[in-house]
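Colleague: I'd like to learn how to read a model like this one. Could you walk me through a few features?

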Amino acid sequence: MDLEVGVVRVGSFTSVATQWLPYIIKEFQDDYEGIEVKLLEGDYSTLEQWISTGIIDCSFLVSPSSKSFEFQPLKKDKMVCILSNEHPLSRQDKISFEQIEREPLIMPKESWDNETRQIFRENNIKPKVKFEVSDDQAIMAMVQNNLGISVRPEMTLTHIPDNVHVAKLEKDCFRLIGIAAKPNSSPATKIFIKYVYSWVEEHHFLDI
C-alpha cells in the first residue's frame with residue numbers, strides 16, 4: 001500500500017523509551033518495512049514543543065498541556081514512594097503526605113516530572129527538596145544511600161536494589177501515559193499510533 005511508506009519521528013521520555021519502544025519499533029518495522037521510525041528523547045515540555053514545531057510527528061507524553069494535540073491514553077502509571085531500607089519509614093507499607101513533607105526529597109528536574117509536582121500542589125504539600133536530578137538511576141542511587149526519599153512512577157523502577165523499599169502513597173495517584181500528535185498527522189504517523197495502541201493492549205499494559 002502507498003500509505004505504508006514514509007518516516008515517523010517519535011518522541012519519548014526515558015521509561016517508555018526503555019520499556020516499550022525497543023519492542024514496539026522492532027515489531028512495527030517487521031510489519032511495516034516501508035516506514036522508518038526515528039526516535040528522539042526529551043523531557044515533557046521539550047517533547048510538546050517538538051510536536052508543535054514539527055520536529056517530531058508524535059510523542060509519548062503524560063497528559064499534555066496543549067489542547068491542540070490529539071492524545072490517545074495508554075496507561076495509568078501508579079506513583080509510589082521509594083526510600084532506603086535504613087530509613088525509619090521503610091517499615092511502613094504506606095507513606096502519608098504529611099510524612100513526605102517532613103523528609104528530605106530527591107526530585108527530578110522541572111519538566112522531567114510534572115506528575116509529582118501536580119500531586120504536591122493538589123494535596124497542598126510543601127516538599128523539602130534536597131536534590132534535583134534528571135536521571136532515574138541517579139535518583140535511585142541517592143535513595144539507596146539514604147540521602148532522601150523520592151516519589152516516582154512505577155514504570156521508572158525497572159531494577160529496584162535490595163536495599164530500597166517501595167511504599168504506597170496514602171491515596172492512589174497516577175500519571176496518565178499516552179501518545180500525542182497534531183490532528184493533521186501523516187498517514188504513516190497514524191499507522192504508528194494505531195500500532196502502538198494495539199501493542200500496549202496486546203501486552204496487557206493498557207490501563208485507562
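Colleague: Which residues lie nearest the centre of the largest cavity?

Modeller: A cavity is a set of points, on a 1 Å grid over the protein atoms alone, where a 1.4 Å probe fits but cannot get out; lining residues have an atom within 4 Å of a point. Here 13 residues line the largest cavity, with Thr14, Trp112, Asp136, Arg152 and Thr156 nearest its centre. This is a predicted model, where local features need pLDDT of at least 70 and side-chain atom pairs count only at pLDDT 80 or more, while totals for chains, interfaces and linings use all residues. Residues are numbered from 1 along each chain as its sequence is written, and side-chain values use heavy atoms, with hydrogens and water left out.

Colleague: How do the residues of that lining divide?

Modeller: Ala, Val, Leu, Ile, Met, Phe, Trp, Tyr, Cys and Pro count as nonpolar, Asp, Glu, Lys and Arg as charged, and the others, Gly among them, as polar. The lining of the largest cavity has four nonpolar, four polar and five charged residues.

Colleague: Which residues of helix H6 are buried?

Modeller: Buried means under 20% relative accessible area, exposed over 50%, and partly exposed in between (1.4 Å probe, protein chains only). Helices (H or I, at least four residues) and strands (E, at least two) are DSSP runs, numbered from the N terminus. In H6, residues 136-144, the buried ones are Ile139, Met140, Met142 and Val143. Looking down the axis of H6, they fall within an arc of 160°, so they line one face of the helix; the arc is that of the directions from the helix axis to the C-beta atoms.

Colleague: What caps the N-terminal end of H6, and what follows the helix?

Modeller: The cap is Asp135, with a side-chain oxygen 3.0 Å from the backbone nitrogen of Gln137. After H6 comes Asn146, whose phi is positive, near 60°.

Colleague: Is Ser15 buried or exposed, and what does its side chain touch?

Modeller: Ser15 sits in helix H1 (residues 14-19) and is buried, at a relative accessible area of 6%. A polar contact is a pair of N or O atoms within 3.5 Å; within protein, one must be able to donate a hydrogen and the other to accept it, and residues adjacent in sequence count only if both atoms are side-chain atoms. The side chain of Ser15 makes one with the side chain of Arg175, at 2.8 Å.

Colleague: And where is Asp57 found?

Modeller: Asp57 is in the loop between helix H3 (44-53) and strand S3 (58-62). Its 17% relative accessibility means that Asp57 counts as buried, and its side chain reaches the backbone nitrogen of Arg9 at 2.7 Å.

Notes: On a 1 Å grid over the protein atoms alone, a cavity is a set of points where a 1.4 Å probe fits but cannot get out, and a pocket is an open set with protein on both sides within 12 Å along at least five of seven lines; lining residues have an atom within 4 Å of a point.
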